[in-house]
Amino acid sequence: MRKKGEGVMKFAQILATVMFMVVVFVSPVLAAKDTVKIGALLAVTGPASFLGAPEARSLEMLVEGINKKGGLKGKQIELIIKDTGASTEKAVSFAKQLIEEEKVLAIIGPSTSGETMGIKKIAEEGKTILLSCAAAEAIVNPVGKYVFKTPQKDSDAVIKILEQIKKMKLSKIGILSSNSGFGNAGKGQIEKLAAERGITIVSNEVYDKAASDLTGEVTKVKASGAETIINWSIEPAQAIVIKNARQIGFTGPIFQSHGFGNIKYVEAAGAAAEGVMFPAGRLLVVDTLPKNHPQKTVLANYKKDYETKFKPDAASTFGGHAFDAMLILQKGIEKANSLDKEAVRTAIEGLQGIVGTAGIFNFSATDHNGLTIDAFEMLTVKNGKFVALDQPEAKKAAPKKK
Amino acid sequence: MELLLQYIVAGITYGTIYAIVAIGFNIIYNTTGIINFAQGEFVMLGGMTAFTLKEYMPLPVAIICAVVITMIIGALIEIVFIRWLHKPSVLRMIIITIGLSILIRETALHIWGEGVTALPYFTGTSVTSVNLGGVFISPQVFWAVGISSIVVILLGIFFNFTLLGKQMRACSANREAARLCGISTQNMVTFSFMLSAAIGALGGCIVSPITYISYDSGSQLAIKGFTVAILGGLGNSTAAVAAAMILGILESFSIWALPAAYKDVVSIAIMLIILFVKPSGLFGNAAAARLKEY
């Protein structure tokens with residue numbers, strides 16, 4: 001500590017360098033004239049990057065396609081993607097920036113329920129269309145005038161799982177959920193809906209979303225006499241849960257939320273993922289869908305485009321949510337034949353029969369999600385692949401897990 | 001009773017993960033007196049590199065290569081960012097290492113993307129477990145405990161009985177005096193970075209099947225590793241292992257007694273209490289700590 005001043009200078013230099021790097025890494029926004037600005041708040045990095053990264057890629061892909069075809073109403077789309085890192089604080093400040101400074105027509109995202117709930121009010125006050133890619137039912141219930149969402153409702157996912165549990169004649173469940181907005185919302189839905197169906201919750205544990213091992217938690221659930229485990233999280237921890245549960249000898253069926261719909265989790269969990277059941281959109285089983293299924297073309301095209309462009313990344317339902325959001329916005333603009341926020345908003349509210357990756361959307365003034373429980377299919381993991389639970393024979397020829 | 005043992009096993013699993021990171025903290029602290037906040041990133045780099053390499057070579061070779069590569073990265077980091085600093089203050093070193101950890105993390109994101117990766121279990125699969133009288137233990141836990149014990153023993157021998165180890169300790173005790181005795185202190189610091197990078201990388205490979213590794217795993221692991229290093233008394237690797245086991249088992253029992261959500265509250269509360277009551281750590285020596293130069 002000889003020269004204090006020198007140290008401070010060096011310190012300032014280093015700080016400046018670090019800050020410069022941070023600025024460089026945040027994707028630069030190119031300004032263009034006479035464009036229609038669309039903002040996106042996505043968790044491209046951080047604990048929910050499983051959602052945000054494929055969402056951002058899908059959006060870029062779709063926007064590129066629309067721009068090549070001449071854009072929206074003759075104007076090129078300027079897509080402004082902000083990486084929230086799944087932090088609500090960042091989502092809030094970016095949302096304000098997009099609405100007040102960039103004056104975007106609409107915001108796609110955020111990726112997570114917690115972030116969406118954090119900016120719902122901001123979108124309402126800023127009179128900017130928000131097309132959330134997050135699951136929680138609370139996003140559209142109560143309905144916010146400007147707030148829509150494209151993924152299926154978490155309450156429908158819970159109902160789908162509970163119906164399956166009843167069908168399997170089980171009655172004692174253990175709930176595990178992460179301490180994130182998604183985990184919390186799902187846990188609340190299960191607590192609310194289980195009792196109506198005569199299902200008892202014998203254990204209900206919350207774990208840290210960054211947890212690295214959950215042996216203790218699953219031991220507690222197993223000791224409580226649970227016949228089946230429902231885990232509700234979007235983080236890698238959901239793959240750790242099933243692995244630890246099997247290791248300590250839990251043999252009952254394990255259910256996951258629709259957040260499990262990413263083949264990387266299955267790869268990471270290996271043999272432990274076998275037999276795990278979860279509700280999800282049909283994207284993951286598009287190959288086994290009958291040819292005449294209304295969603296077949298949309299799903300097959302999205303999957304093909306995404307997987308050719310972003311090889312070796314596999315298409316996930318999450319990227320599909322952002323795809324749907326952009327699709328709905330596009331249809332809304334076409335229907336309104338205007339780029340006026342108010343006109344587009346009204347047009348979206350009246351959209352019917354839009355075939356997206358998550359399901360078939362029928363919006364109304366009271367339904368800003370537009371999907372029914374039928375948008376979900378119960379899936380399971382067989383030989384390291386996703387298959388529909390009701391037609392496990394269809395994919396018998398599936399290659400063995402490598 | 002079985003349940004009790006099952007919780008202890010869970011605690012040991014947590015503890016081993018923390019211990020591996022804490023040992024890395026201690027090595028650099030021992031030679032340089034600084035805390036390397038990029039230590040968690042070494043763990044991440046090891047796990048991720050091994051995952052990529054295992055496509056091209058058998059797993060043990062991939063792990064060895066990953067350790068060597070991370071070691072080289074550790075050396076490069078020291079040579080590029082640390083070596084030219086003349087008598088850096090503690091605060092400055094903290095900022096530099098935090099900056100480095102961000103840099104490594106972002107680079108890893110660009111190289112590997114945001115996905116989680118896991119090495120295969122060294123023995124068996126993700127569902128294999130050994131049943132010891134009703135207690136189920138994953139074989140990977142044995143690997144983790146075994147390898148970290150060997151690492152601790154080897155480190156003990158290295159620091160106490162080899163010339164290089166003694167030189168490194170001399171650097172930590174008094175850098176000026178060490179230099180007057182003809183020890184190249186700068187090389188010792190480089191070497192300590194290499195050593196802790198190697199141990200971090202090896203740790204990353206061992207825990208990867210248990211915890212999964214993604215580009216951002218480093219900082220989470222570093223927090224727990226740091227807690228444990230402080231708890232045991234900075235600079236003492238054996239104490240760090242003991243502290244890691246204590247913390248792991250306490251966390252595990254906290255799940256049993258309290259809602260699981262309070263697990264981290266327990267560990268952070270313990271760290272705060274230790275910092276207030278016995279800042280030198282559970283096994284640390286206050287007088288020895290005071291002798292360190294800052």
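What covers the buried residues of α7(A)?

Analyst: Happy to. A quick word on the ground rules: this is a predicted model, so local features need pLDDT of at least 70 and side-chain atom pairs count only at pLDDT 80 or more, while totals for chains, interfaces and linings use all residues. Residues are numbered from 1 along each chain as its sequence is written, and chains are lettered from A and ligands numbered from 1 in the order in which they are written.

Now to your helix. The cover over the buried residues of α7(A) includes pieces of both chains. From chain A come β6 (172-178), β7 (200-207), β8 (228-232) and α8 (237-247). From chain B come α1 (2-32) and α10 (237-257). Helices here are DSSP runs of H or I with at least four residues, strands are runs of E with at least two, and both are numbered from the N terminus.

How covered is α7(A), then? "Buried" is when 20 or more other C-beta atoms, placed from the backbone, lie within 10 Å of a residue's own. Among the buried ones are T215(A), E217(A), V218(A) and K220(A). After the helix comes G225(A), with a positive phi near 85°.

Let's look at the two chain B helices in that cover. α1(B) and α10(B) pack at an angle of about 145°, and their axes are 7 Å apart. Axes are lines fitted to C-alpha atoms, for helices over the stretch in contact, and angles run from 0 to 180 degrees between N-to-C directions. Two residues are in contact if their C-beta atoms, placed from the backbone, lie within 7 Å. By class, this contact has 17 nonpolar, six polar and one charged residues. Ala, Val, Leu, Ile, Met, Phe, Trp, Tyr, Cys and Pro count as nonpolar, Asp, Glu, Lys and Arg as charged, and the others, Gly among them, as polar.

Finally, zoom out to the two chains. Their contact takes 42 residues from chain B and 43 residues from chain A. On the chain B side, α1 and α10 turn up again, among the elements that give two or more residues, along with α4 (90-112), α8 (185-211) and α11 (263-277). That side divides into 22 nonpolar, 13 polar and seven charged residues.

Methods: A residue is buried if 20 or more other C-beta atoms lie within 10 Å of its own, exposed if 12 or fewer, and partly exposed in between; C-beta atoms are placed from the backbone.
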